[in-house]
Amino acid sequence: MRTSLDAPSKVEKRPAMGRSGPRLKRSQREALAAYLFILPDALGLAIFVALPMLFSLSLGFFSVNGFGGFRFVGLANYQRMLIDPLFRQSLWVTFVYVLVLVPALYVTGLGLALLVNRPMPFVGVFRSMFFVPNVVSLVVVALTWQVMLVDKVGFINRLFEFFGLSGYSWLGDPNITLYSILFVTVWFLMGYYMIIFLSGLQEIPREYYDAARIDGAGPAATFFQITLPLLRPTSFFVLLVSLVSAVAGSQAFDLIYIMTRGGPANSTSLVIFYIYQQAFQFNNYGYAAAMASFLVLILLIVTFILFAVTKGGRFHFT
Amino acid sequence: MKPSSQPEVTSSVVSSVPSTETPVPDSSLSRITRRELLIGGGKVAVVAAVSSLFSPFNIYVKAATPKSLSFWQFYGPGGGSKMQDQWFQDMVKSWNSSRDVKVELLYVPNQEYMNGSKLQTAFASGQGPDIFIISPGDFLRYYNGGVLVDLSQYMEDAAKKDFFENVMETRIVDGKIYGLPMEVEPMAMYYSHKAFSEAKLSEADIPKTWDQLIEVSKKLTKKNQFGCLFETGPGYYQNFTWYPFLWQGGGDTVTPEGNKSAFNSPGTAQALKFWQDTIKQNVAPRNELGGGGGDVVGNMVSGYCAIQNLGIWGVSALREGAKGFEYGVFPCPTPPNGKPKSVLGGWSFVANAKGKDPETAAKFCVWALGSMSDDSIGRVVDWCIKAKSDISPRKSALDKATQLGGYNDGPMKVFKDDVFPTGRGEPRVPPEVYKAVSDAIQACQLGGANPEQQAADASQNIDSFLAGYSGAPLK
Amino acid sequence: MTEPTAQIQAGGPSRNVFRRLGPILLFCFTAVLAVLTVSPLLWMICASLKPGDETFSPNMLPQHWTLENFQYVFTASPFWRYMLNSFFVAGTITVIALWFHSMAGFALARLKFPGRELIFLIIFSTFLVSLPVIIVPLFILVRQMGMVNSYAGLIIPAIFNAFGIFLLRQFYIAIPQELQEAAVIDGASYFRIYWSVMLPLSRPILAALAVFFFLANWNAFIWPLTITNDRNLWVVQIAIASFHQQYSSSWNYIMAGSAIVALPTLLLFFIFQRQLVESIKTSGLK
């Protein structure tokens, strides 16, 4: 790999003798280098993600029973999707989930990052403590919060009782459970996004803050006029990634799978969970693939819009 | 069996870096060619991968003479229970010592086996296990997929008759047996002696009807304890534990022929309402501790509930996990004018008809659990009273186990004498019907929905599904 | 310049008090929040020190303290071997992924070439499907490549994920242009720019990604379970899952195992978190 990358520069330095044709322009050199830089990942992604993805999604036009039975059914799966009440319900649940989770993660992640970005005693310990929830496996998270939130004897309910409030069934009431899951998810992920914001904050050169201080700007003004605008590449990243993860990602799926299995009464049945159920419990791979394709399409459209609006996520600063 | 894609990729990478020392007439052309080679090589690799993906040959390759058959289950080697693990290993060792085609155990952690994707992924890619275990609820999924071997063709007549009818009916299609159970798990109610005595209740207060259960539970419900506990998490297990209450009032999922829904009935509505009442009257919790409603140590032993709707496995679970805990067992209470009924669970051995060697696989299952030899019967006895606590699926084994005193003491005696005879096998239904029933239970129990309405809705869903269904009849 | 200072001074004593009290209040607030965040996991620690029948008892602290759970976890199965497997797999993936993704991110962010944004969008679109959707064809593919039941099968497919590429691209976009241009004028090849200029500058983000990749693969479960049948290849999470049983799992062992398993990543994070807050050096700009 190294040899081929160094080759262009060798050509650059050597005078025209020995090479009778025009040497590569700078832009061609740049393009070649870029393609080579991207090659390993592109190849790997193509083979291990894109290929299975295309295969999976194409199953949407088949009826697959998971034991080797393939049958072409055209648009039947998509038609079924449109009239399936469970699918519609899962879309609604996902919508609420995303609406609450994405802003919550953004605010908590950024808030924590701002808090621990300053020098203070034990700051390393604090950063680790905020990250600890993300380090333990989901089995631990699920069990721990089950004990915290269980009816009557859970710690949260006992705390409520202590203050004279009546307890709730945090994981058993269809009206509340989704929000309990959202709370646990934020607890689980806030350290993760805190780290991303932390590294994003480091890219803001000190001079801007110094200038702001000299100009007499208070913390709020500094934040809104310096920090936030300069954080745009990171913010863009966080919003897009948390959105996609909430809709189609493992982050959403894993916790529901372990804690509630979509219950109670389908109130936490996210789309990605419903897809999983159809594929692995009901053996309707084709139908699951159709729903997954629909999801990918929606996300692609959202991504395109966001990219168009932000000019490809490139933010130029004056 | 080297896949054809590899050589292409290697050669394209190698050829993409030609020597730069040799003078080339047109350097930019050589660069473009190099890039093209890269892209071309990549394309070939992709095409090769895709073609190998789609070619059916590679997916369903059958070896000429397999050396070993794989047996997937969630007990061992390396599973959570040493005795159950040992039982499986001993069995396989015994087979391997005298056969050419060996059987190899593969352990899949329990949750992943039951609810995960490993098994399905293996089947979907043509790599399913040769022998595996299934629960009654899963039967149709596998049968309709054509992966179950008829085991009765390798069984002696005496053996076929040795299995209890009520246990086997959900594993028989057209008179042929497709699964051999190693256990029978009836459901009943467990209660904690400590909780009862604290509430000044005695054996005489053991409830026999639904109303009595709720009344007694009210007396047992206090600040840190619920009176009774039923499963609230959606899944095959919840449906399984709810069936007795459906059947007691004469309700049923489908008609005896199995082609139409029978779910829209008063029996259904009252069963749904009963579970709803336990929640509404605050005597049962909306969610459980530990592993869910089937976990006795997490719930009853920890004092979370006083009475728990639980199966026979609780006996061995308590024996191993909470020695000294005092408890009793009574049959599920009945509604007014209801008949006592319980449900019989239990996993069975099955052979993969699309596996490497279905015949030997089937013979293994029969040899292990379904032959009249002492060895086979003894094995079943060992599982049911030593490794685990279960009712035997075979008359001979049950008799032998009773002789050995396995059903002498309290709880096991109650299960054998009072509960098992009223038991009916866990229904076999396709996943869509399972979901319709599950949604009805969830909506009533936790969502406060109207039971009659839910029964009607679910029944409609079942009917519309059955209209397009063509597979083995539901039971 | 005197006016702003005069304004500050005109704020008076209350402003000074706030300025002095501010950091202390912030410290207390952060400390309280940190403790609250960690407190649910206190239960996990306690559960790992309790015997099995006490796991769900109402009292938080054990009635019978015991280290037997930890002992069991290490002796019942070759847990060290599984930790080594996890470490090897996660470590290898992290190193390779960091290298590949930083190269790709650099090219997509800083170099100009035809099809740049389109390629990036295509790469990003692979992020839109998660493992459950692609697991069956991926398994078939990996099996065709002969990587089933091998370290290669555990490592190679897990390297490629658009998340890292996306994050690095955003990071590199924000790096001031001047740094790169200076190096180019000096006649450095693109690889040299990447290796000697960009990589050192991206220590914060590489530290973050190192932690993320290691953690994700250390805790990985579904793919390792799918691709391996050989117990010698088990990763720690599978080993912990083996303590589950059909109805009553040994939660005490599960909690003990999970506590042990959480430590390496926490340690890794604690070591790396200083790198996270390293500012981009601005020397050479002015």
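Visitor: What makes Arg261(A) count as lying over the face of Tyr257(A)?

Guide: This is a predicted model. In it, Arg261(A) is 4.9 Å from the ring centre of Tyr257(A). The cut-off for that distance is within 6 Å. Arg261(A) therefore meets the distance test and lies over the face of the ring.

Visitor: Where does the charged end of Arg169(C) sit?

Guide: Over the ring of Phe120(C), 4.0 Å from its centre.

Visitor: How many aromatic pairs does the structure hold?

Guide: Over all chains, 107.

Visitor: Why is the pair of Tyr106(A) and Phe197(A) called edge-to-face?

Guide: The ring planes stand at 85°. Edge-to-face needs over 60 degrees, so the name applies. The ring centres are 5.2 Å apart. Pairing asks for centres within 6.5 Å.

Visitor: What does this pair tie together?

Guide: Parts that are 91 residues apart in sequence, because Tyr106(A) lies in helix H4 of chain A and Phe197(A) in helix H8 of chain A.

Visitor: Why does Tyr106(A) count as buried?

Guide: Its relative accessibility is 17%. Buried means under 20%, so Tyr106(A) qualifies. Phe197(A) has 0% and is buried.

Visitor: What makes the pair of Phe126(A) and Phe27(C) tilted?

Guide: The planes are at 55°.

Note on methods. Residues are numbered from 1 along each chain as its sequence is written. Chains are lettered from A and ligands numbered from 1 in the order in which they are written. This is a predicted model: local features need pLDDT of at least 70, side-chain atom pairs count only at pLDDT 80 or more; totals for chains, interfaces and linings use all residues. Side-chain values use heavy atoms; hydrogens and water are left out. Rings of Phe, Tyr and Trp (its six-membered ring) pair if their centres lie within 6.5 Å; planes under 30 degrees apart count as stacked, over 60 as edge-to-face and the rest as tilted. Helices (H or I, at least four residues) and strands (E, at least two) are DSSP runs, numbered from the N terminus. Buried means under 20% relative accessible area, exposed over 50%, partly exposed in between (1.4 Å probe, protein chains only). A charge sits over a ring if NZ of Lys or CZ of Arg is within 6 Å of the ring centre and within 35 degrees of the ring normal.
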